[in-house]
Amino acid sequence: SIMRSLLLVTLLASCLQSGTAFAPLAGVSATSVKSTENIDLGNFLQSNDDGDKTMLVLGTYAADFNAVEYAQRLRYYIPELKKRGINKFGIVLNCEADAALKLVDLVDLPCDTSD
């Protein structure tokens, strides 16, 4: 679908950024379920000094099939992504913290890997 293609292009573009904020997301924030702090998504996508890359998955609702599928695939591909230099992961969902934590638990996504 067109929406899935746009999301994949957005994810790819966010992974390829080199040290500058991903402009369309600069100033947009989401609340971290890990720290309960607001995180600026543009800053989240910035590369660190080691050149590590960041992947940010923009999902829908925690109970949405596509969001669950993306979380499952992220869990499966984390080792391969890390081999390719992507060492920081985040998932943005439109839900309460307990729903996001439930999704992370259901797909066995390590919380130290995601924000």
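From the N terminus on, the elements of the chain follow the order α-β-β-α-β-α-β-α, giving 4 helices and 4 strands, where helices (H or I, at least four residues) and strands (E, at least two) are DSSP runs numbered from the N terminus. The model is a predicted one, in which local features need pLDDT of at least 70 and side-chain atom pairs count only at pLDDT 80 or more, while totals for chains, interfaces and linings use all residues. Residues are numbered from 1 along each chain as its sequence is written, and side-chain values use heavy atoms, with hydrogens and water left out. Of the 115 residues in the chain, 30% are buried; buried denotes under 20% relative accessible area, exposed over 50%, and partly exposed the range in between (1.4 Å probe, protein chains only).

Helix α3 comprises 19 residues, 65–83, and spans 28 Å from its first C-alpha to its last, close to the 27 Å expected at 1.5 Å a residue, the expected span being 1.5 Å times one less than the number of residues. At its N-terminal end, α3 is capped by D64, a side-chain oxygen of which lies 3.1 Å from the backbone nitrogen of N66; a polar contact is taken here as a pair of N or O atoms within 3.5 Å, of which, within protein, one must be able to donate a hydrogen and the other to accept it, residues adjacent in sequence counting only if both atoms are side-chain atoms. A kink of about 55° is found at Y77, shortly before the proline P79, the bend at a residue being the angle between axes fitted to the seven residues ending there and the seven starting there. The buried residues of α3 are A67, E69, Y70, A71, L74, I78 and L81, and just after the helix G85 adopts a positive phi of about 90°.

A nonpolar core is defined as a set of buried Ala, Val, Leu, Ile, Met, Phe, Trp, Tyr and Cys residues joined through side-chain atoms within 4.5 Å. The largest such core holds 18 residues, among which M55, L74, F89, I91, L93 and L109 touch the most other members. At least two residues of this core come from each of β3 (53–58), α3, β4 (86–92) and α4, with α3 giving the most, at 6 residues. A second, separate core of 5 residues includes L25, L41, L45 and L56.

Aromatic rings of Phe, Tyr and Trp (its six-membered ring) are paired if their centres lie within 6.5 Å, planes under 30 degrees apart counting as stacked, over 60 as edge-to-face and the rest as tilted; by this rule the count comes to 1 aromatic pair. The ring centres of Y76 and Y77 are 4.8 Å apart and their planes stand at 85°, so the pair is edge-to-face. Y76 is exposed, at 63% relative accessibility, whereas Y77 is partly exposed, at 44%.

T36, in the loop between β1 (29–31) and β2 (38–40), has a phi near 65° and is exposed, with a relative accessible area of 63%. D108, in the segment after α4 (97–106), has a phi of about 60° and is likewise exposed, at 51% relative accessibility. Within α4 itself lies A99, which is partly exposed at 28%.
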